[in-house]
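Please read these notes alongside the sequence and the coordinates.

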Amino acid sequence: KTMGLTAQLLTFARGGGPVKEAACIEDLIRETVGISLHGANTKPEYCLGDGLWSVGIDVGQIGQVIQNLVINADQAMPNGGTLKISADNAEIYDEDSLPLEGGSYVKITVADQGIGMSERVRKQIFDPYFSTKDAGHGLGLSITYSIVQRHGGYITVDSVIDEGTTFEFYLPATDKEAAVAVEHEREL
């Protein structure tokens, strides 16, 4: 189900649109965060609202968004720490100050207690040619931004030096029932 990075980059480069299905965001968050933080000093703390709506998403692409945000958060906390992941239903109205069409969304928040970033860095964080890593490239967050946009969603970032960084992103809810998640753990 999860594509390799090369395939994801090719999809991104070709402008491959998301192949959407109704999905349970809670299952995707727990599974992706668990895999992304496996063996890390960072511990997840979940605050997932009751009765979260299903979202119409490309599971592989939104999994990549969550993974990118979690790995960045983990790297921002070199000595470990707590990563707070929340999800809540959100009704957006046209007069709200967000660049979203009015409607039903699920808002996902990923908040670390890491090193934070300056205003200058924060303004460039979604630029594909910008990176704070010596050996890295800035593709992670620019892909993240692009995927959320292609889903009809929106992503914001807020940060305070030495206190941490918070990413919030909105995904359109769907009234379709989510397909039942496949259990990956076999009974022992």
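1. Ser159 stands opposite Thr165 in strand 7. Strand 6 and strand 7 run antiparallel and are joined by seven bridges; two strands are taken as paired if DSSP finds at least two bridges between them. Helices (H or I, at least four residues) and strands (E, at least two) are DSSP runs, numbered from the N terminus.

2. This is a predicted model, in which local features need pLDDT of at least 70 and side-chain atom pairs count only at pLDDT 80 or more, whereas totals for chains, interfaces and linings use all residues. Residues are numbered from 1 along each chain as its sequence is written, and side-chain values use heavy atoms, with hydrogens and water left out.

3. In a regular strand the side chains alternate between the two faces of the sheet. Buried means under 20% relative accessible area, exposed means over 50%, and partly exposed is in between (1.4 Å probe, protein chains only).

4. The hairpin of strand 6 and strand 7 has three residues between the strands. Asp162 lies in that loop and has a positive phi of about 65° although it is not a glycine. Asp162 counts as exposed because its relative accessibility is 65%.

5. Which rings form the aromatic cluster? Phe126, Tyr145 and Phe167 form one such cluster. Rings of Phe, Tyr and Trp (its six-membered ring) pair if their centres lie within 6.5 Å; planes under 30 degrees apart count as stacked, over 60 as edge-to-face and the rest as tilted. By this rule the count comes to two aromatic pairs. The rings of Phe126 and Tyr145 have centres 5.0 Å apart and planes at 35°, so this pair is tilted. The pair links distant parts of the chain, with Phe126 in the loop between helix 4 and helix 5 and Tyr145 in helix 5, 19 residues apart.

6. For Phe126 and Phe167 the ring centres are 6.3 Å apart and the planes are at 65°, so the pair is edge-to-face. Here too distant parts of the chain are linked: Phe167 is in strand 7, 41 residues from Phe126. Phe167 is buried at 6% relative accessibility and Phe126 is buried at 18%, whereas Tyr145 is partly exposed at 31%.

7. Asp127 lies in the loop between helix 4 and helix 5 (139–150). Its C-alpha atom is separated by 9.0 Å from that of Tyr145, 18 residues apart along the chain. Asp127 counts as partly exposed, with 32% relative accessibility.

8. A search of the whole structure finds four salt bridges. A salt bridge is a side-chain nitrogen of Lys or Arg within 4 Å of a carboxyl oxygen of Asp or Glu. One of them joins the side chains of Lys107 and Glu168 (3.6 Å, N to O). This pair links distant parts of the chain: Lys107 is in strand 5 (residues 103–111) and Glu168 in strand 7 (residues 164–174), 61 residues apart. Lys107 is partly exposed at 23%, and Glu168 is partly exposed at 24%.

9. Ser86 lies in strand 4 (residues 81–92) and is buried, with a relative accessible area of 17%.

10. Glu119 forms a salt bridge with Lys123, with the closest N and O atoms 3.7 Å apart. The two are separated by about one helical turn, because they are four residues apart in helix 4 (residues 119–124). Salt bridges that share partners join Glu119, Arg122 and Lys123 into one network. Lys123 is exposed at 66%, while Glu119 is partly exposed at 42%.

11. In helix 2 (residues 25–36), Glu26 and Arg30 are four residues apart and therefore separated by about one helical turn. Their side chains meet in a salt bridge (3.2 Å, N to O). The buried residues of helix 2 are Ile25, Leu28, Ile29, Thr32, Val33 and Ser36.
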